[in-house]
Amino acid sequence: MATLADSFLADLDELSDNEADVIEEEDVDAGNMEEDVEGEMADIENLNYDDLDSVSKLQKTQRYVDIMQKVEDALQKGSDISNLGMVLEDDPEYQLIVDCNALSVDIENEIIIIHNFIRDKYRLKFPELESLVHHPIDYARVVKKIGNEMDLTLVDLEGLLPSAIIMVVSVTASTTSGKPLPEEILDKTIDACDRALTLDAAKKKVLDFVESRMGYIAPNLSTIVGSAVAAKLMGTAGGLAALAKMPACNVQLLGAKKKNLAGFSTATSQFRVGYIEQTEIFQSTPPSLRMRACRLLASKSTLAARVDSTRGDPSGNNGRTLREEIRKKIEKWQEPPPAKQPKPLPVPDSEPKKKRGGRRLRKMKERYAITDMRKLANRMQFGVPEESSLGDGLGEGYGMLGQAGSGKLRVSVGQSKLAAKVAKKFKEKQYGSSGASSGLTSSLAFTPVQGIELSNPQAHAHQLGSGTQSTYFSETGTFSKIKRT
């Protein structure tokens, strides 16, 4: 039979075997990971970043050429009204619009790749420019305009950038640490800028085609935001179906650019707003309400896109209803708050008001009446400091209590009528004035003069009530007179 020590040793052997297996598996995984990394590095090394054609390949694809040719033919031919009765998915023009939306997304990605290529090359000349100009197309235009010029006062950037950004770029260029680019690198950079601008022009042509067909593809969405903005939203989202599946908070951000204010105020800048800021409703809204209007437009545009994606209302009546609802809400926001109505005074009543009176009210007033002591404590004599409970004016003041000028040596507290009546009732209860006597009542009275004598309790009570000298009668008829002290 195995002992406890043998079982512990067996468990340790099993643990060591498991650790060896785990270490072997980790070594195999690490070897596979190293092979993957080496393969990726080999692919990166094979990719020549000095050659623009190896980075940007979209313009040479057959799909790009075919779609752009179809778009140009469709723009020249115009809209075909004969296909209005067809199913949307079977219409070849709708399929072309879907392809255009996908192509616009690819063009946007290609522009970003070319922008990274231009930025890496031009960083040697002007490294601070990429932090001042964020948009890829604006960056390409500025790089093409500046070229290898070191003095930016000789370069006219008017029309390419806002005046505030132009001033910041000029000041930064005067203190930059960059050096002029070699002729070969400069030519590749200018070629990349031209390619980016060409792709941007192709994207605009695609969006123009989609915009011309928006009344047929998305009539409700076009009614709310306009054909141009609807085409841009669809192109950025990747189609009408993708736009319909997108939440309203993301629709609001479609087309938003990263804005560089160069240290200027952010009070009038609209952040987190994309293509929706180009709509007529947004531009006609006061600046203080534009963010609310933007959220409202995004939500209603999402609803309209979902209606259009299912062909729920080809006539666009739903879109017109939503647009009117948006307009009414914005008008409601601009209404001033209702004026505060002046509250008129009540009509004066000439009749005397009914005040409560009677014994109960008099008792209550007597119970809560202010005493003479409190009246003196509440008064102060002119030019004479009052005494206080803690001294030196601290604590509760005594007012004119105990002062020589008050005219009173002390305040005597007299018994009130209510207290006298309560005391009388207590005496009556004590001596049994009602005539009822308990079994413990005795007719024996102890007097200091004559000792023990029999007395009549009722006669004693009557004597106390009358206030005269009391004469006690015993049951035997004898009486004795007690002297008052």
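pLDDT is the predictor's confidence in each residue, on a scale from 0 to 100. This is a predicted model, in which local features need pLDDT of at least 70 and side-chain atom pairs count only at pLDDT 80 or more, while totals for chains, interfaces and linings use all residues. Residues are numbered from 1 along each chain as its sequence is written, and side-chain values use heavy atoms, with hydrogens and water left out.

The protein chain averages a pLDDT of 75, and 69% of the residues score at least 70. Over residues 33-47, where pLDDT stays under 50, the model has 1 contact (heavy atoms within 4.5 Å) beyond four places in sequence. Residues 467-485 also stay under 50, and for them the model has 29 contacts beyond four places in sequence. Confidence is lowest in strand 4 (residues 479-481), with a mean of 38, and highest in helix 15 (residues 317-334), at 92.

In total, the secondary structure of the protein chain comes to 19 helices and 4 strands. A residue is called buried under 20% relative accessible area, exposed over 50%, and partly exposed in between, using a 1.4 Å probe and protein chains only. By this criterion, 29% of the 485 residues are buried. Accessible areas come from the Shrake-Rupley method with a 1.4 Å probe, and for residues only the protein chains shown count as cover. The protein chain exposes about 32500 Å², of which carbon and sulfur atoms supply 55%. Among contacts between residues at least 6 apart in sequence, 58% join residues at least 24 apart.

A nonpolar core is a set of buried Ala, Val, Leu, Ile, Met, Phe, Trp, Tyr and Cys residues joined through side-chain atoms within 4.5 Å. The largest such core has 80 residues, and those with the most contacts inside it are Leu129, Val169 and Leu243. Helix 3 (residues 92-122) gives this core its largest share, 11 residues. Not counting residues up to four places away in sequence, Leu129 touches Tyr122, Tyr139, Val142, Val143 and Val169.

Tyr139, one of these partners of Leu129, lies in helix 5 (residues 136-146). Tyr139 counts as buried because its relative accessible area is 1%. Its contacts, neighbours within four places in sequence aside, are His115, Ile118, Arg119, Tyr122, Leu129, Glu130 and Val133. The C-alpha atoms of Tyr139 and Leu160, 21 residues apart along the chain, are separated by 9.3 Å. His115 lies in helix 3 and is buried, with a relative accessible area of 10%. Leaving aside neighbours within four places in sequence, His115 is in contact with His134, Pro136 and Tyr139.

Val169, also in contact with Leu129, is one of the buried residues of helix 6, along with Ile165, Ile166, Thr172 and Ala173. Seen down the axis of helix 6, these buried residues fall within an arc of 135°, so they line one face of the helix; the arc is that of the directions from the helix axis to the C-beta atoms. On the other side of helix 6, Ser163, Val171 and Ser174 are exposed. The cover over the buried residues of helix 6 includes helix 4 (129-132).

The expected span of a helix is 1.5 Å times one less than its number of residues. For the 18 residues of helix 15 this gives 26 Å, and the end C-alpha atoms are 26 Å apart, which agrees. Its buried residues are Gly319, Leu322, Ile326 and Ile330. They cover an arc of only 75° around the axis, which puts them on the same side of helix 15. An α-helix has 3.6 residues a turn, so residues three or four places apart point the same way. The face turned away from the buried side of helix 15 carries the exposed residues Lys328 and Lys332. Among the elements covering the buried residues of helix 15 are helix 9 (219-225), helix 13 (280-284) and helix 14 (290-309).

Arg311 lies in the loop between helix 14 and helix 15. Phi of Arg311 is near 55°, a positive value in a residue other than glycine. Arg311 is partly exposed, with a relative accessible area of 25%.

Technical notes: Helix = DSSP H or I, 4+ residues; strand = E, 2+ residues; numbered from the N terminus.
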